[in-house]
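Hi,

Here is the model I said I'd pass on.

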Number of protein chains: 6
Amino acid sequence: MISARNQLKGKVKFVTLGTVMAEVVMDVGGTEVVAAITRHSSEAMDLKEGDQVTAIIKATEVIIQK
Amino acid sequence: MISARNQLKGKVKFVTLGTVMAEVVMDVGGTEVVAAITRHSSEAMDLKEGDQVTAIIKATEVIIQK
Amino acid sequence: MISARNQLKGKVKFVTLGTVMAEVVMDVGGTEVVAAITRHSSEAMDLKEGDQVTAIIKATEVIIQK
Amino acid sequence: MISARNQLKGKVKFVTLGTVMAEVVMDVGGTEVVAAITRHSSEAMDLKEGDQVTAIIKATEVIIQK
Amino acid sequence: MISARNQLKGKVKFVTLGTVMAEVVMDVGGTEVVAAITRHSSEAMDLKEGDQVTAIIKATEVIIQK
Amino acid sequence: MISARNQLKGKVKFVTLGTVMAEVVMDVGGTEVVAAITRHSSEAMDLKEGDQVTAIIKATEVIIQK
């Protein structure tokens, strides 16, 4: 179990690799969710289109707009 | 326009106020999304059950699990 | 209205584009403020020298040195 | 030397202590900057009104609005 | 597998509960590591002294001092 | 003194430079700790293999797994 409160299930749409960072675009229930992670992690996890993944976000990182 | 890539529309379910922080639980398309913001912001925005809000998250804050 | 407590008005000095990330250097009242955002956001917002912008930072991200 | 790119000099206006967290409101060149840190850090640093401080923010934590 | 690059194994030394937040102090190989998480997560995980835990930190959250 | 609660002493193992970002892999008591900072900071600090450094992490950025 992990303390991060937000865990959104989705599917990888595409991955863009830079030298240090990677951008992973996911589909979460019809909404796009984007993660900027290290290229190293993306390759270690072999992230690719169609993968079932979970986007994890700590509650302290969420901003609210009203 | 704002650079933060993740903008999830939802509705406030409930707000818990501490002395410094506030926890805001939202419903985002049937999934719970939780934000820990300052109590000051929660009060300044008058956040309460039923409010239509957007949860905003920078891409660099998103972790991926596979 | 947005819950993030820190909103600093400034002007873009220059933008450096990488494959995944972009570095945006701003002038905020004579002080340099730097943001690392995704290249995608920088291009979607067409950020360029001279743009009037606001740097937004959540209170939980601020460290204090004394 | 520290890698965090944003280092804003200011003065503490007031500190609010909760059980776990503390809110520190600073004046940075006429603009309010707010930090949510642990109460433990606030007490260990003896933060109080009038203290000369620096607000430190990593570039990856800065969002841009245009 | 999770994309966050830093995963430090440790043991809980003590937990302080506030209304919204909780402070969890861990021992990681003789060094103190502290997490500020929501009280809700701390209670849901039943965190208490002696628990074997892992502190997880995204690489983008790490600042370097030299 | 700095409010960030986690300060881990280590040694740089290697640095990878991208256009905007840099990845710095450190050895902290036998465990790898990785930071993604801006290339600009890495170069300004002249980070290189063997450097004695401190990895600094705010408590609000730490997630706990049990």
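Between chain C and chain F there are zero salt bridges, a salt bridge being a side-chain nitrogen of Lys or Arg within 4 Å of a carboxyl oxygen of Asp or Glu. What the two chains do have is five residue pairs in polar contact, both residues at pLDDT 80 or more. Polar contact here is a pair of N or O atoms within 3.5 Å; within protein, one must be able to donate a hydrogen and the other to accept it, and residues adjacent in sequence count only if both atoms are side-chain atoms.

On the side of chain C that touches chain F, strands S1 (6–17), S2 (21–28) and S5 (63–65) of chain C each supply at least two residues. Helices (H or I, at least four residues) and strands (E, at least two) are DSSP runs, numbered from the N terminus. By class, that side of chain C splits into seven nonpolar, four polar and three charged residues. For the classes, Ala, Val, Leu, Ile, Met, Phe, Trp, Tyr, Cys and Pro count as nonpolar, Asp, Glu, Lys and Arg as charged, and the others, Gly among them, as polar.

In contact terms (heavy atoms within 4.5 Å), 14 residues of chain C meet twelve residues of chain F. The pair buries about 1000 Å², with 61% of it on carbon and sulfur atoms. Glu23(C), Thr60(C) and Ile63(C) supply 41% of what chain C buries against chain F, more than any other three residues. Buried area is the accessible area (1.4 Å probe) that two parts lose on being put together, summed over both.

Before I go on, the ground rules. This is a predicted model, where local features need pLDDT of at least 70 and side-chain atom pairs count only at pLDDT 80 or more, while totals for chains, interfaces and linings use all residues. Residues are numbered from 1 along each chain as its sequence is written, chains are lettered from A and ligands numbered from 1 in the order in which they are written, and side-chain values use heavy atoms, with hydrogens and water left out.

Now for chains A and B. Each puts 32 residues into the contact, and the area buried between them is about 2900 Å², of which carbon and sulfur atoms give 59%. How many salt bridges are there between chain A and chain B? The count is four. In one salt bridge, the side chains of Lys66(A) and Asp51(B) meet at 2.9 Å, N to O. Arg5(B) and Glu23(A) form a salt bridge as well, with their closest N and O atoms 3.0 Å apart. That pair runs from the segment before strand S1 (6–17) of chain B across to strand S2 of chain A. Over all chains, the salt bridge count comes to 36.

Polar contacts between chain A and chain B come to 16 residue pairs (both at pLDDT 80 or more). S1, S2, S3, S4 (52–57) and S5 (63–65) of chain A each supply at least two residues of the side that touches chain B. S3(A) gives the largest share of that side, seven residues. The classes there are 18 nonpolar, six polar and eight charged residues.

As for the fold, chain A has one helix and five strands, running β-β-β-α-β-β from the N terminus on. Its C-alpha atoms fill a box of roughly 35 × 30 × 25 Å along the principal axes.

The part I'd look at on screen is the sheets. Five strands make an open, antiparallel sheet in the order S3(A)-S2(A)-S1(A)-S4(A)-S5(B), where two strands pair if DSSP finds at least two bridges between them. S3 (31–38) of chain A and S5 (63–65) of chain B are the edge strands, each pairing on one side only. Within this sheet, S1(A) and S2(A) pair over six bridges, and Val15(A) stands opposite Val24(A).

S2(D) and S3(D) pair over eight bridges, and Glu23(D) has Ala36(D) as its bridge partner.

Cheers
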